[in-house]
Amino acid sequence: MLFGTLEAGGTKMVLSVGNEKNELLEQTSIPTEAPEKTIPAMIDWFRGKGIVSLGIGTFGPVDLKTDSPTYGWITKTPKPGWSDKPLLPPMRDELGVPALIDTDVNAAALAEWRLGAARGLNNCVYVTVGTGIGAGLVIEGKLVHGLVHPELGHMLLRQEAKDPTPDGFCPYHKGCLEGLAAGPAIEKRWGKKGYELPEDHEAWDLEASYLAQMCVNMICAFSPEKIILGGGVMQQKHLFPMIRRKTLELLNEYIQSEVILTDIDHYIVEPGLGTKSGATGALLLARFAWEENKKNA
Ligand code: ADP
Ligand code: ZN
């Protein structure tokens, strides 16, 4: 049986076909342009591939209420052309298969929880630190949607005294997590892209400080059993030990958990599925869509 997966991103759409072993077999990428152009192109790629259902992990904000008339629509977004536009409905209807959608980060969290770094646990958070910062959340074995969906990238942080641009760059909140620590904030602060900065550059100490504040907030708010950090900026592997050390410093032994106090190397970790968390999560969503549909048939 074959399942369709879509990782809908602000710059590109990554489409693939996967199987029941959760293997991704075939993949393509289509630039994200106006929905009137991009959606038909995606439908064309899937057509004739024999998929039985579709799973979508998408950029937000997105309507995730399954009983809403605008389920699977992108809501208000600065992304040109995408405000209040349906994403899931035309694909589901044109391809004639059941479909499920979640945020890109919830999809990745789902995959890491079921098959990756948080396998066997009931609570985890998956964070991507890239063009933006977003986090998917599993609490007591359920993906969290809540009122809309979590927007952990916009949590407010305290400014670091060593930050030359402490006001931050988020168009909505300036110095929120994303405005202080996403890839574009690094670039604006230091005038160079993250991957152009040497490992001993002061940028990384500051970056680790902000990401440690984030970890502390997550730990205090959700008590996750694992914190998984992915995305382009986290390709800087030397950040991991710095973030762990600073998280311990900030917590100051307040949280009495063995894993945090004695084994933080296995608590704040890289994605177990590497760069495949998002697509694998979309595949799991597709499988749920198919199973739900079979149950209701
Ligand atoms: P996106 O978030 O757009 O899906 P990425 O997760 O690759 O894609 O994030 C892109 C951001 O991460 C850019 O701001 C880029 O400069 C930064 N980035 C990508 N690779 C690296 C790297 N190896 N080191 C530091 N920053 C990186
Ligand atoms: Zn913000």
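How do the residues of the shell around ligand 1 divide into nonpolar, polar and charged? They divide into three nonpolar, eight polar and no charged; here Ala, Val, Leu, Ile, Met, Phe, Trp, Tyr, Cys and Pro count as nonpolar, Asp, Glu, Lys and Arg as charged, and the others, Gly among them, as polar. This is a predicted model, in which local features need pLDDT of at least 70, side-chain atom pairs count only at pLDDT 80 or more, and totals for chains, interfaces and linings use all residues. Residues are numbered from 1 along each chain as its sequence is written, chains are lettered from A and ligands numbered from 1 in the order in which they are written, and side-chain values use heavy atoms, with hydrogens and water left out.

**Around ligand 1**

- The shell consists of G130, T131, G183, P184, G194, Y195, G231, G232, V233, Q235 and Q236, where a residue is near a molecule if one of its heavy atoms lies within 4 Å of it.
- Polar contacts (pairs of N or O atoms within 3.5 Å) include one in which a side-chain N or O atom of T131 is 2.5 Å from an oxygen atom of ligand 1.
- G232 brings a backbone N or O atom to 2.8 Å from an oxygen atom of ligand 1, while a polar side-chain atom of Q236 lies 2.7 Å from a nitrogen atom of the ligand.
- On its own, ligand 1 exposes 570 Å², and the protein buries 65% of that (areas by the Shrake-Rupley method with a 1.4 Å probe).

**The second largest pocket**

- This pocket holds about 340 Å³ of space; a volume is the space filled by probe spheres set on grid points, which are joined across faces, edges and corners.
- A pocket is an open set of points on a 1 Å grid over the protein atoms alone, where a 1.4 Å probe fits, with protein on both sides within 12 Å along at least five of seven lines; lining residues have an atom within 4 Å of a point.
- Of its 18 lining residues, T66, Y71, A99, L100 and E292 are the closest to the centre.
- Helix 9 gives the largest share of the lining, six residues, and the lining as a whole divides into eleven nonpolar, four polar and three charged residues.

**Strands and sheets**

- Five strands form an open sheet of mixed pairing in the order 10-9-8-11-12; strands (E, at least two residues) and helices (H or I, at least four) are DSSP runs numbered from the N terminus, and two strands pair if DSSP finds at least two bridges between them.
- Strand 10 (142-143) and strand 12 (268-269) are at the edges with a single partner strand each, so one side of each has no neighbour in the sheet.
- Strand 11 (residues 227-230) pairs with strand 12 in the parallel sense over two bridges, and I228 stands opposite V269.
- Elsewhere, strand 2 (residues 12-19) and strand 3 (residues 24-31) are antiparallel over seven bridges, with K12 opposite P31.

**Backbone details**

- Most residues other than glycine have a negative phi, and most peptide bonds are trans.
- N22 takes a positive phi near 65 degrees in the hairpin of strand 2 and strand 3, which has four residues between the strands.
- K174, in the loop between strand 10 and helix 4 (177-181), has a positive phi near 55 degrees.
- G60 and P61 are joined by a cis peptide bond with omega of about -5 degrees, and P61 is found in the loop between strand 4 (51-58) and strand 5 (73-74).

How values were computed: Polar contact = N/O pair within 3.5 Å; in protein donor to acceptor, adjacent residues only side chain to side chain.
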